[in-house]
Structure formats: structure tokens, C-alpha cells
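Welcome, and please have a look at the model shown here. A short tour of some of its local features follows.

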Amino acid sequence: MKLVGFAKRQLQVIREPGWNPLVEDVSLFCVKHDIVIPEIDMNYSRGKSKRKKSSVIYSYHLRVEVFSTVIDLQLSNFNSRFSEVNTDLLLGMASLSPDNSFANYDKDMIMKLATHYPNEFTNSMLEDLSFELDIYIDYVREAGNEFFYLKSPGDLSETLVKTNLRMTWRLV
């Protein structure tokens with residue numbers, strides 16, 4: 001999720017100041033490989049008809065109609081696939097992973113995940129969950145071998161049942 005956020009920020013940064021460095025890089029590439037570069041200030045003709053004069057020049061067409069449109073499309077795809085709720089759900093689930101001694105544990109993300117389920121967690125249950133999570137993470141990190149090699153939430157659930165701790169942390 002950090003990479004998704006980074007990619008979105010980079011696309012937004014590239015949108016404005018990224019045009020000139022891109023044109024420079026493309027120009028250098030074209031010169032190096034003997035590729036003809038169209039005159040950027042010439043009129044751009046849309047379609048096959050060269051008789052119809054266009055008021056649009058190549059630089060406008062490439063920057064606005066191609067470059068900015070592609071970046072906007074990519075940002076739109078990121079935003080639709082990784083909405084705030086989807087991101088919260090993914091990060092919340094990752095925070096529950098017992099892998100690497102609960103390295104991804106993030107109480108705030110788990111609490112945020114729980115708020116997306118108002119039918120499952122009342123306000124008083126959210127308060128209880130907050131307290132349970134503090135005790136839970138300390139216990140499982142120090143409990144020893146039974147929690148050390150777990151890789152998935154499924155493994156964690158099995159271990160909580162085997163050790164009869166499922167009722168101790170009923171909200172977790």
C-alpha cells in the first residue's frame with residue numbers, strides 16, 4: 001500500500017514539471033538513434049486528412065491530449081481500485097498478520113478496520129477491542145514458540161483455539 005501511495009504521488013508530481021524532462025529525454029533518444037523529431041510548433045492534423053487545417057500544435061497535442069490524459073487515466077485507475085475504504089481494509093488485514101513476530105501489527109489500522117463494521121462492533125466493543133489489542137500483542141510476542149512461527153491469520157486462529165485463548169481475546 002505504501003508503494004501505491006508513492007506511485008500516486010509520483011504521478012501527480014510528474015504531471016506538471018515532468019513534461020520538460022520527458023521531452024528532453026525523448027529528444028536525446030531520438031538524436032542518438034537517428035529518429036526524425038517532428039517540429040513541435042507545427043500544426044497537428046487529426047485524422048488522415050491533411051487539407052483540414054488544425055489550430056492545435058504538436059506540443060499542445062502531445063502534452064495535453066496525450067501526456068496529461070494518460071497520467072489522469074492512471075491516477076483515476078489508482079483511485080478507483082484503491083479507495084480510502086479499500087486501502088483501510090487491506091492495511092487493517094495486513095496489520096493482523098502474525099508473520100515475522102507480528103511485524104506488521106498496527107493497532108490504529110486494526111481499530112480503523114473495525115470501524116468499517118458498525119454492525120459487528122458497537123462503540124463500547126471498540127473501546128474493549130482497544131484494551132484487548134494492547135494486552136494481546138504483548139502476550140503473543142512474548143508467549144514463546146506457539147506464536148513465533150505463525151504465517152497467516154488462519155494459523156493464528158488455530159493456535160488461539162489450541163491454546164484455549166480464543167475467549168481471552170474474543171474481539172481480536
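## Aromatic pairs

Across the whole structure, a search finds four aromatic pairs, where the rings of Phe, Tyr and Trp (its six-membered ring) pair if their centres lie within 6.5 Å; planes under 30 degrees apart count as stacked, over 60 as edge-to-face and the rest as tilted. One of them is the edge-to-face pair of Tyr 139 and Phe 147, with 6.1 Å centre to centre and 80 degrees between the planes. Tyr 139 is partly exposed at 34% relative accessibility, while Phe 147 is buried at 1% (buried is under 20% relative accessible area, exposed over 50% and partly exposed in between, with a 1.4 Å probe and protein chains only).

Phe 148 and Tyr 149 make another of these pairs: their ring centres are 4.8 Å apart and their planes stand at 90 degrees, so this pair is edge-to-face as well. Phe 148 is partly exposed, with a relative accessible area of 44%, and Tyr 149 is exposed, with 61%.

## About the model

This is a predicted model, in which local features need pLDDT of at least 70 and side-chain atom pairs count only at pLDDT 80 or more, while totals for chains, interfaces and linings use all residues. Residues are numbered from 1 along each chain as its sequence is written, and side-chain values use heavy atoms, with hydrogens and water left out.

## Asp 88 in helix H4

Asp 88 is found in helix H4, which covers residues 84-95; helices (H or I, at least four residues) are DSSP runs, numbered from the N terminus. Asp 88 is buried, with a relative accessible area of 6%.

Which side chains make polar contacts with the side chain of Asp 88? Lys 112 is joined to Asp 88 by a side-chain polar contact of 3.5 Å, and the side chain of His 116 makes one of 3.1 Å. Such a contact is a pair of N or O atoms within 3.5 Å; within protein, one must be able to donate a hydrogen and the other to accept it, and residues adjacent in sequence count only if both atoms are side-chain atoms. Not counting residues up to four places away in sequence, Asp 88 touches Met 109, Lys 112, Leu 113 and His 116, where contact means heavy atoms within 4.5 Å.

Helix H2 spans residues 19-32: its 14 residues reach 20 Å from the first C-alpha to the last, close to the 20 Å expected at 1.5 Å a residue (the expected span is 1.5 Å times one less than the number of residues).

Cys 30 lies in H2 and is buried, with a relative accessible area of 11%. Leaving aside neighbours within four places in sequence, Cys 30 is in contact with Ile 35 and Ile 37. Lys 8 is 22 residues from Cys 30 along the chain, and their C-alpha atoms are separated by 29 Å.

## Positive phi angles

Most residues other than glycine have a negative phi. Just after H2, however, Asp 34 takes a positive phi of about 55 degrees. Asp 34 sits in the loop between H2 and helix H3 (58-81), and counts as exposed at 72% relative accessibility.

Asn 164 also has a positive phi, of about 60 degrees, although it is not a glycine. Asn 164 belongs to the segment after helix H9 (153-162) and is exposed, at 54% relative accessibility.

How values were computed
Helix = DSSP H or I, 4+ residues; strand = E, 2+ residues; numbered from the N terminus.
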